[in-house]
Amino acid sequence: METPPAESSPAERAERAGSSPDQAPHRVPEIASLGLDTLVTEVSERLQSAAAVTDRMQRLLEAVVSVGAGLDLHATLQRIATAAAELVDAKYAALGVISPQGHGLSDFIHVGVDDATAAAIGELPTGRGILGVLIDRPEPLRLADLAGDPRSSGFPPHHPPMKSFLGEPIRVRDEVFGNLYLTEKLNGNAFTPEDAQVVHALAAAAGVAIENSRLYEEGRRRERWIAGAAAVTTALLSTDEAQSALTVAAEQVQELADAALGMILLPTGDGQMRVAHASGEAAEFVTGELLPVTSFASRLIAGESVYIEDMSTDPTVGLRLARSFGASMAVPMIATGRVLGGLCVWRRRGAPPFTDAEKLLAETFASQSALALRLAEGQRDQQRLAVFQDRDRIARDLHDLVIQRLFATGMMLESAARRSVVPEVQAGIGKAVDELDATIQEVRTTIYALQHDDHGDEPDNLRTRVLREGSQAAAALGFKPSVTFMGPVESLVGEKTGRQLLAALREMLSNTARHARASRVGVEVDATVHLDADGHPVSGDPESLDRAGRPGVLLTVTDDGVGIPDGGRRSGLRNLTRRAETLGGDAWHEPGPHGKGTRVRWSARL
């Protein structure tokens with residue numbers, strides 16, 4: 001068995017190495033040969049990279065907090081675009097909101113382009129070219145040269161140059177809400193994959209912030225509609241005239257739906273609908289207009305809601321004025337299974353169409369308006385019944401009391417005449433008896449009129465409408481104005497001119513009730529006048545009148561009030577003038593008789 005060799009001593013090892021134990025090694029390795037400088041550089045770069053990543057993550061967190069800081073949707077979109085540009089050092093950023101139909105952009109928020117440049121460019125992008133690529137295929141997109149891509153549609157005049165591009169879709173739940181567009185990285189290079197990751201993370205947080213803003217705005221919108229319905233209810237409870245509540249309903253729905261014009265439509269009984277109340281742009285011109293059977297009125301009467309995206313191209317609108325508006329929404333007002341009317345709103349051309357949420361809210365609001373119509377019908381029936389009962393009572397009193405006393409008085413006078421021997425006395429008594437007979441005949445005529453007149457079967461012509469306007473103004477004036485007609489106004493004044501005349505009369509009586517403080521008001525409708533080129537009446541013999549002017553109608557409202565002060569508001573008079581000028585007439589005012597009160601005149605050609 002072999003014994004293992006003994007361990008060498010230091011001296012032996014030194015001897016084998018060719019040196020003595022007391023001598024140190026003759027060669028020491030250099031530090032540079034170990035590669036430590038490379039390691040230090042690599043560690044430094046990694047630390048700098050880690051610091052940059054940490055800084056970017058910190059900026060990303062700050063951006064996420066900033067994006068969710070508010071609930072206003074437009075401000076949220078602006079913050080998202082601004083934060084994205086700062087995170088990836090982009091000179092320009094934009095956020096395009098995809099339209100509800102999924103084609104094109106309904107809104108475009110931009111950052112980096114000043115107002116002067118934006119104004120020089122003109123219209124905002126609608127979603128063509130590279131922007132359209134992201135709409136059609138909602139996936140992240142990075143381009144080194146935006147203009148050089150074959151899918152690019154180029155830039156409009158005055159557009160700033162843009163080269164590098166980064167696009168990222170923003171999703172709200174499972175829906176693509178819009179896209180983030182970032183261009184022109186500040187260092188002149190292309191956007192990196194790390195930039196795309198950061199923007200992707202921001203887009204996820206942006207989707208949550210946008211959803212919160214949309215829910216908040218939907219809640220506020222519902223609150224506004226509920227408040228509007230409460231306003232209509234308050235109007236119903238605070239007034240005996242339900243028609244005024246419908247005017248409030250038209251004003252409320254126009255404001256709540258962000259529309260240019262709001263209307264209440266009432267059926268006429270022959271398959272048509274009439275604009276009974278309107279609020280907003282051109283309200284005075286559509287009030288009283290008829291929607292024919294060939295329009296969407298037939299669908300409303302059938303209980304169907306009608307939504308039109310662009311009225312300028314839809315043949316079923318039925319009103320010529322509608323061609324200058326855009327989106328339309330018409331909802332039937334249904335109560336107890338019966339269509340009582342319709343609620344209609346128009347938006348300006350170019351405005352977005354109505355959303356499903358707005359349609360649902362409008363239908364709920366229409367139910368509240370239907371309640372107003374039901375109350376109006378009940379009030380009219382109750383008022384008519386009260387009038388009929390009063391007429392019957394007055395007719396009975398006239399027949400049983402007044403006529404009988406007149407007969408007795410006549411018989412007493414005849415008896416006195418027979419006993420008288422003075423011829424003059426007999427002649428005077430005879431005349432008095434004749435007057436009594438005439439009075440009895442007039443009373444009998446009045447009794448017949450009370451029992452048979454105004455039962456709803458007389459034609460609804462201009463004369464009856466003017467009288468009705470005067471009766472309705474009595475509540476505001478405190479008395480009933482006197483009404484006088486000259487000429488056959490029913491046959492001479494057409495339907496269009498008659499509607500405008502009634503609207504002018506309604507405004508004139510309303511202004512008188514609010515401002516004049518009058519104790520007497522007179523209304524005169526004269527269809528025998530001739531008007532000059534300025535719409536003012538001319539006088540003279542018939543032959544000269546035919547040469548000097550054209551036939552017209554003149555509406556005059558005279559009061560004995562305080563008059564129109566110098567420097568007072570003239571908005572009502574301007575409305576009257578604008579309405580008259582469309583019919584070749586004019587509107588003006590002058591002092592009343594003997595310099596007291598005011599006389600307002602409105603004319604139109606026939």
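Reply: Gladly. The model is predicted. We can start with burial: Phe325 is buried, and Trp346 is buried too.

Me: How many aromatic pairs does a search of the whole structure find?

Reply: The search finds three aromatic pairs.

Me: Why is the pair of Phe325 and Trp346 called tilted?

Reply: Their ring centres are 5.2 Å apart, and the planes stand at 55°. Rings pair if their centres lie within 6.5 Å; planes under 30 degrees apart are stacked and those over 60 are edge-to-face.

Me: Which residues do ring pairs link into a cluster?

Reply: The cluster holds Phe108, Phe165 and Tyr181.

Me: Why does Thr183 count as buried?

Reply: Its relative accessibility is 6%. Buried means under 20%, so Thr183 counts as buried. Thr183 lies in strand β5 (residues 175–185). Beyond its neighbours within four places in sequence, its contacts include Phe165, Phe191 and Leu146.

Me: What makes the charged end of Lys359 sit over the ring of Tyr307?

Reply: The charged end is 4.3 Å from the ring centre. The cut-off is 6 Å, along with an angle within 35 degrees of the ring normal.

Me: Where does Arg463 lie?

Reply: Arg463 lies over the face of Phe485, 4.4 Å from the ring centre.

How values were computed
Residues numbered from 1 in each chain as written. Predicted model: local features only at pLDDT ≥ 70, side-chain atom pairs only at ≥ 80, totals over all residues. Heavy atoms only, no water. Phe/Tyr/Trp six-rings, centres within 6.5 Å; stacked < 30°, edge-to-face > 60°. Buried < 20%, exposed > 50% of the residue type's maximum accessible area, 1.4 Å probe, protein only. Helix = DSSP H or I, 4+ residues; strand = E, 2+ residues; numbered from the N terminus. Contact = heavy atoms within 4.5 Å.
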